[in-house]
Amino acid sequence: MSERDKERLSLIPVLAESHPSHHIGRTALMKYMYFLQTLRGVQLGYNFSMYSYGPFDADVLSDLSTAEAMNIVCSTQVSFAGGYGYRIQQAAGAPRIKQDANGFLSQHKAEFNDLQVHSEPALLVGVVNEIKPRFSRECVETSFNSLFEKGLLVSV
Amino acid sequence: MSRVNGLHKTYEIRCPVHGFISLNEWERCIVDAPAFQRLRRIRQLAWTDQVYPGAMHTRFEHSLGVLQTVSMLYSAIASRSSDVLKEDIGYTQDGLKRDQQLIRIAALLHDVGHSPFSHASEELFPENDHGLKFKHEQYSAAIVRTELRDVIENHPLNTANYGFRVEDVAALLEGSTKAKQRLFWRDLIDGQMDADRMDYLLRDSYHAGVQYGRFDLNRVSNTILAIRGTRGRGPRLGFSEGGWHAAEGLVLARYFMFTQVYFHKTRVAYDIHLKGALSEILPRGKFPRPIDAEIGDFLAWDDWKVLGELSAGRGGEHGKRLINRDHYRLAYHSPEISSPDDLVFLELIKEKLGNLVVSIEEASKNWYKTGATDIPIMSDVDPTLVQPLSKFSNMVRSMKANNQVLLYVRPEDSERANKIIRQEVENERTRQGTLEFDPGAS
């Protein structure tokens, strides 16, 4: 297993654990990885492209499967009204992989804890509105304003 | 560029997988373009014929098959889920018909950027400014923007009826937000249930002469649909409940094809030799970049050119091994689902073999690898109830990622390596105090 592999696998339990609930879903995992690489410049080697549901690289799910097979994380499926999701949590094998990737994790600790999105608001609203026309521009703007207020989006 | 007469003619091409594939005049002009005809000279499965002699098919017929498959799936979804597509994405009936033509063209051209011998040589793609290797989809988009611009934008069927620009096609191939609402269809071109995968499983299976990749495409088409999103999410592709066995068949077909064909030990050995030979043959060991100034040079590379270079003796040691069928041998492999302890033992074997190991290949790095699946199934009784395929299928639920690792040695070192491995396996058995230990040694 290459150093890059260890780094990517170690990130999954770290991201799950750093969430207040100590677990994350697959969508959140994909987006965290995307933000880390494209906005924070952490070299993960993923090659994301855009789908109607957001950025995606099958390698992230492949890494998740490997992490599950190696008991680094465990995934459980959760149901909610009309749909389902996944709960990814740290598992018994996590400390070992974290130890293996300790240098990488220490180096980027700040980035993992500060995943704010920096972008130009009007541009983002336009892009979201084009991909998801079922939401009115007003609705997208309201959502963005709410994210700004919560500090999850930062205007640049 | 295009034939002016007979603009509304339909052309039919025989296909061993789909029967007939129908093209309109515009699509036929695209197929006739040199950049597309080049795909006749790029084998779909590289040197797989060294294991399965029938696997000599090319990206050309696969690309036609993907057009046929995507069209069938698109029609099925548009008909079965028109309410979702209209209400959630804003389509009209005319809009759906119009975009079907664009999706057909994107599907037809999705592989036009393949390098010689397909995926096997992609490791020799150069890196972009961010240190990431270019992908063949980026080459496809670059070829669409340059070599195919005229035939796409200026064909009379396009100018009179659609007005599509090459950027519309490229955005779908690259996965860019410029594709706007059409991104919904990208899952049919490059996704878990894409037409690409459906065609290559059936086609590779047919040509390799194996049954592993077969699944019920007609049933897939009869049950695939757009499922309305919840919690503010958009619609996504899935299956009606009656189709979950068909979806399961697709997942299993991929699993079997990976273990039996795509990650076959000898096929993998030939990929190693091809990469080695190409790194000798290519200028500075890399393909040209997918940029305007270099895309012409890239297109000059096809299987014929590489075979000519190999025949001229320019492939180095790996080239000789390809010509003489003197491939590396698998010395040791970890189990398909390797535990951390299995990988530790593999490291021990690797260390003991030392310089005898000439290549290490990982299933998780293979282009055809199988990862987590997440196919939504919509309840027949309550359309608002959506559950993943793994909820229905015991087999899908039990599937884990294949993280097998293969260690290769030169054929002349094979016997020596086997002796060392046998000794280590024996030592491990003694350490574990059991005869049940299965190292997965070849």
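1. In chain B, helix α3 (residues 59–80) packs on helix α5 (residues 93–109) at an angle of about 155 degrees, and their axes are 8 Å apart. This makes α3(B) roughly antiparallel to α5(B), where angles under 35 degrees count as roughly parallel, over 145 as roughly antiparallel, 65 to 115 as roughly perpendicular and the rest as oblique. Axes here are lines fitted to C-alpha atoms, for helices over the stretch in contact, and angles run from 0 to 180 degrees between N-to-C directions. Helices (H or I, at least four residues) and strands (E, at least two) are DSSP runs numbered from the N terminus.

2. The structure is a predicted model, in which local features need pLDDT of at least 70 and side-chain atom pairs count only at pLDDT 80 or more, while totals for chains, interfaces and linings use all residues. Residues are numbered from 1 along each chain as its sequence is written, and chains are lettered from A and ligands numbered from 1 in the order in which they are written.

3. The crossing of α3(B) past α5(B) is right-handed; a crossing is left-handed if the near helix is turned anticlockwise from the far one by less than a right angle, and right-handed if clockwise. On α3(B), the residues in contact are B:S63, B:V66, B:L67, B:V70, B:S71, B:Y74 and B:A78, and on α5(B) they are B:L96, B:Q100, B:I103, B:R104, B:A107 and B:L108. Contact means that the C-beta atoms of two residues, placed from the backbone, lie within 7 Å. By class, this helix contact has nine nonpolar, three polar and one charged residues. Ala, Val, Leu, Ile, Met, Phe, Trp, Tyr, Cys and Pro count as nonpolar, Asp, Glu, Lys and Arg as charged, and the others, Gly among them, as polar.

4. Helix α3(B) also meets helix α11 (residues 195–208) of chain B: the two axes come within 8 Å and cross at roughly 125 degrees. That angle makes α3(B) oblique to α11(B), and the crossing is right-handed. From α3(B), B:H62, B:G65, B:V66, B:T69, B:V70 and B:L73 take part, facing B:A195, B:D196, B:M198, B:D199, B:Y200 and B:R203 of α11(B). The contact of α3(B) with α11(B) divides into six nonpolar, three polar and three charged residues.

5. Chain B is divided into domain 1 (10–264) and domain 2 (329–442), with bounds that come from an automatic or database domain assignment. The centres of the two domains, taken over C-alpha atoms, are separated by 30 Å. Their contact takes 22 residues from domain 1 and 23 residues from domain 2 of chain B. On the domain 1 side, the elements giving two or more residues are β3 (224–227), β4 (236–240) and α13 (244–262) of chain B. The largest share of that side, 10 residues, comes from α13(B). By class, the domain 1 side has 12 nonpolar, six polar and four charged residues.

6. The strands β3(B) and β4(B) belong to an open sheet of four strands with the order β3-β4-β7-β8 (chain B) and mixed pairing. Two strands pair if DSSP finds at least two bridges between them. The edge strands are β3 and β8 of chain B, each pairing on one side only. Neighbouring strands of this sheet are turned by 45 degrees against each other on average, direction ignored. Four bridges join the antiparallel strands β3(B) and β4(B), and B:A226 has B:L237 of β4(B) as its bridge partner.

7. A second topic is the open sheet of three strands in chain B, which has the order β5-β9-β6 and antiparallel pairing. Its edge strands are β5 (329–333) and β6 (357–362) of chain B, and the twist averages 30 degrees from one strand to the next. Four bridges join β5(B) to β9 (residues 405–409) of chain B; B:Y332 is partnered by B:L407 of β9(B). Helix α14 (residues 265–281) of chain B lies across β5, β6 and β9 of chain B at about 65 degrees to β9(B), whereas α18(B) lies across these strands at about 10 degrees to β9(B).

8. Between the chains, the contact takes 39 residues from chain B and 31 residues from chain A. Elements that each supply at least two residues of the chain B side include α18 (340–353) and β8 (386–388). β8(B) gives the most to that side, with three residues.
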